[in-house]
Amino acid sequence: MLQYRDDILHMNGVSLLEIAEEVGTPTYVYSFDTLTRRVRTYRQAFPHALIAYAYKANATPAILAHLAHLDCGADVVSLGELQAALAAGVPPDKIVVNGNAKSDALLLLAARAGVRALNLDAREEIPRAAWAAQTVGRPLTVNVRINPGIDAKTHTHLRVGAPGSHFGIPPEDVLPAIRDIMRTPHLRFRGLHVHLGSQLLHPEDVEAIARVVAHWVRTVRQAGYPVEEVDMGGGLGIAYTEEPALTPDRVARLWAPHMRDLDVRWVLEPGRWLIAPVGVLLLRVVQVKRAWGRTFVAVDGGMNVLLRPALYGARHRIWPVVRGEAVEPVDVVGPNCESADVLGRDYLLPTPRSGDVLAVLDVGAYGYSMANRYNLRDLPAQVGVWGDTFALLSVNWLPRQLPKGLDRSGGLA
Ligand code: LLP
């Protein structure tokens, strides 16, 4: 999907230099062809499961519409995400609602829309869900989110299924919670939900999900309750740099021995795996400083447009949009006034000059969706690429408010 042609980086058939020049920077660019391909790969691995795409990874409306068209459901965690799913045309019976602090408004809309399932995160949520169902006069189908008690090998911020986590229902409360649900009018118990964490790359962690779920399906059935469905959450990681990656197919094979005889329907909530490699972030070099024996390449977007390096120490590949021969090690830093605003150190890039355009890779997930207005900067623009055409998906409005004659390269950062 990304390749150099005549030393200029292209996404599919489109020059990223042309996009940077026409639309400006910072700009996210997404390949819809890659997105289609990844959804198909995922579906081939799990042909019978509902793929409920995790909206938090990227909820840009054109992307949501495309995923709905590819028959993906939605995993939503806020009123805004639920409204976006309905607006994208996702049928309510393909929407699952997650979250540890669902607002009253979210509960009410979920009940009124008739979502596939609300994944209950606490025993304490049971009366609140029942209230919403009663208020709108429609029964609400619920799953119980189990805290699997597994300490997955991922960044501590991305680990949510470990003992002591504030997500999910701890083992000792699982059966009591189901008993409460069965006794509560307006609620229908459907099954179990689990989400171990994100950016999972270790086969043993992934396999542990199936082992825990299989154990709980049997335990709940032995206690006399039916389990029709299991929602296995999301979490499959990608190789941002050199890490050995897992494929959806490999995950399916790791799960098969544990799940084979359970006779349940499956829901999956992938976010990152589907969309991260679909997007790049175009940034322009504002200024190059040589100091302390280092080369600091200051670009026009940092932790405001891509929070992952500052928040998780994530390392994304950064490629020059125009390839050059002589390379040197540089630190790529953002424009915001704090030391955390570093996109990464020791990248080998062609000798940088002001105005050069850089591409940060694998930012389709948790890039734009976590962008913010720190230092009163504008949100980046977004562009979609289809084959050799591109279109603006959302704009960066600030330049239009500038006095005439001040163009985008005139020091917006
Ligand atoms: N389902 C639930 C209940 C989740 O909490 C999440 C992610 C997903 C599905 C999707 O997980 P994925 O397949 O994308 O790993 N901002 C972080 C990631 C946080 C993920 C939170 N929950 C990052 O930039 O790495």
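Begin by selecting the ligand together with the shell of residues around it: by class, this shell has six nonpolar, seven polar and six charged residues. Here Ala, Val, Leu, Ile, Met, Phe, Trp, Tyr, Cys and Pro count as nonpolar, Asp, Glu, Lys and Arg as charged, and the others, Gly among them, as polar. The model is predicted, so local features need pLDDT of at least 70 and side-chain atom pairs pLDDT 80 or more, while totals for chains, interfaces and linings use all residues. Residues are numbered from 1 along each chain as its sequence is written, and side-chain values use heavy atoms, with hydrogens and water left out.

**The shell**

Which residues of the shell are the closest to the ligand? Select Ser-198, Glu-269, Arg-308, Tyr-312 and Tyr-366, which are the closest of the 19 residues that surround the ligand (a heavy atom within 4 Å).

Next, colour domain 1 (2–29 + 276–401) and domain 2 (99–268), whose bounds come from an automatic or database domain assignment. Both domains give residues to the shell, so the ligand lies between them.

**Polar contacts**

Now display the polar contacts, pairs of N or O atoms within 3.5 Å. At Tyr-312, a polar side-chain atom lies 2.7 Å from a nitrogen atom of the ligand. The backbone contributes as well: a backbone N or O atom of Arg-272 is 2.8 Å from an oxygen atom of the ligand, and a polar backbone atom of Gly-271 is 2.9 Å from a ligand oxygen atom. On its own the ligand has 590 Å² of accessible area (Shrake-Rupley method, 1.4 Å probe), and the protein covers 90% of this area.

**The largest pocket**

Select Lys-56, Val-160, His-195, Ser-198 and Tyr-366, the closest to the pocket's centre of its 28 lining residues. By class, the lining has 10 nonpolar, 12 polar and six charged residues.

Definitions and conventions:
A polar contact is a pair of N or O atoms within 3.5 Å; within protein, one must be able to donate a hydrogen and the other to accept it, and residues adjacent in sequence count only if both atoms are side-chain atoms. On a 1 Å grid over the protein atoms alone, a cavity is a set of points where a 1.4 Å probe fits but cannot get out, and a pocket is an open set with protein on both sides within 12 Å along at least five of seven lines; lining residues have an atom within 4 Å of a point.
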